[in-house]
Amino acid sequence: MHEMSIAISIVEAVETKAREEGAARVSGVDLLVGKLAGIEPESLKFCFSAAAKGTLAEEALLAIEEPEGTGECGECGMTFPVNFYYAECPGCRSLRIKIISGEEFLIQSITIEEEGE
Amino acid sequence: MCDTCGCSDGSGAVLRKPGESDYHLHVSDGTHEHTPSHTGEEHHSSANVQEGSHNHGHGHHHHEGSSRKIVLEQDVLQKNNLLAERNRGYFEARHIFALNFLSSPGSGKTTLLEKIIPLLQQRIPVAVIEGDQQTTNDADRIHALGVPVIQINTGSGCHLDALMVNRAVKELDLQDNSLLCIENVGNLVCPALFDLGEALKVVIISVTEGDDKPMKYPTMFHEADLCILNKIDLLPYVEFDVAKCRENAMRVNHHLEWFEVSAKTGEGLAVWLEWLKKRLLHH
């Protein structure tokens, strides 16, 4: 369950940024979690709500975008969608595949609420 | 609460040393003041004071304020990765070759270390960091070989991270031009994501596991630099297709170096040690 320690580090990063910006609270967190990032989004959502308790992000809505994996063939250069690391090139059957996307794991943005004067 | 020292920080990883029952160090201790959540608390209290002076009471409603989107584009694992790079820089500057050993529990990581350390020790100083949820059993076994060792007990944690290794290294008297073996928590899932600053990741599987392990846990095999198939002395007694396992591993990671050994009988170890010595020379 590495999702818990990851959720804690997300909350830490979000809170740090939110405080820098003078936020009263955080209402939204947008994550980019590639399909090949090794992260289970459902598990992460569950852990996030636990990790965010008592922080500025307690009520934040976690939105997770999951980009598909893309592989590039090392033999023929073809690019194609991949679901696994053990993909095979659909063009030339080569196994020399380089993953060019799908491993992203980023906090894209946060939405903060500011106290009105 | 921690039962050993009675401090309030019962969660998180603890460092222990074999033969020193009094020695016990919380990984989070020294860094506590610097964690974002702590500085956050300070900010919070000062914000409260400000609020008070402006006469903003508790009756203040959230919806009266405005909302704003802030772009971060920050790597979630950034904190770990930055610290791992610091570890890596330290290792490189002191010519310490660090290996991160990863496997499921019981595939023979500690036995493999027990076997190779006496063979390597004459040539190069060796130190070991042991990672387990509980006990110093593995560190005790390494300690018996007479090499410096420290145990990281992760408690509920399922993997080592760069901070734990950073603290452990400070407690170990590492020599220049040496080999550091980091035995991760037995787990083929979580440790794959956490860079520790090692030079190479070594994944170990044993023939008593399935030959489809690389397909079932692709992230780990994809991240690894070399794979050691252990317990080959048991091949006559188990249904394990070595060629198929190797093919599966290569499908996940075509750069993977592959070795077949028995830590128990010593079979195949010479080949791997030869490879390791070459890497040490070029390090």
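Leaving aside neighbours within four places in sequence, A:Ile100 is in contact with A:Thr70, A:Gly71, A:Glu72 and A:Thr79, contact being taken as heavy atoms within 4.5 Å. The model is a predicted one, in which local features need pLDDT of at least 70 and side-chain atom pairs count only at pLDDT 80 or more, while totals for chains, interfaces and linings use all residues. Residues are numbered from 1 along each chain as its sequence is written, chains are lettered from A and ligands numbered from 1 in the order in which they are written, and side-chain values use heavy atoms, with hydrogens and water left out.

A:Ile100 belongs to strand S5 of chain A; helices (H or I, at least four residues) and strands (E, at least two) are DSSP runs numbered from the N terminus. With a relative accessibility of 42%, A:Ile100 counts as partly exposed; buried means under 20% relative accessible area, exposed over 50%, and partly exposed in between (1.4 Å probe, protein chains only). A:Cys73 is 27 residues away from A:Ile100 along the chain, and their C-alpha atoms are separated by 10.0 Å.

Chain A as a whole has two helices and six strands, which follow the order α-β-α-β-β-β-β-β from the N terminus. Of its 117 residues, 53% count as buried. Among the contacts in chain A with a separation of 6 or more, 71% come from residues 24 or more positions apart.

We turn next to the interface. Here 38 residues of chain A are in contact with 36 residues of chain B. The area buried between the two chains is about 3600 Å², with carbon and sulfur atoms giving 58%; buried area is the accessible area (1.4 Å probe) that two parts lose on being put together, summed over both. A:Arg19, A:Tyr85 and A:Tyr86 supply 19% of the area that chain A buries against chain B, more than any other three residues. Strand S6 of chain A and strand S3 (residues 66-75) of chain B pair in the antiparallel sense over eight bridges, where pairing requires that DSSP finds at least two bridges between two strands. A:Ile112 stands opposite B:Arg68 in this strand of chain B.

The rule finds five salt bridges across the interface of chain A and chain B, a salt bridge being a side-chain nitrogen of Lys or Arg within 4 Å of a carboxyl oxygen of Asp or Glu. In one of them, B:Arg68 joins A:Glu21, the closest N and O atoms being 3.2 Å apart. This pair crosses from strand S3 of chain B to the loop between H1 and S1 of chain A. Both partners are partly exposed, A:Glu21 with a relative accessible area of 26% and B:Arg68 at 30% relative accessibility. A:Glu21 also meets A:Lys17 in a salt bridge (3.8 Å, N to O), and a network of salt bridges links A:Lys17, A:Glu20, A:Glu21, A:Glu114 and B:Arg68.

A further salt bridge brings together the side chains of A:Asp30 and B:Lys69 (3.2 Å, N to O). It runs between chains, from strand S1 of chain A to strand S3 of chain B. A:Asp30 is buried, with a relative accessible area of 18%, whereas B:Lys69 counts as exposed at 55% relative accessibility.
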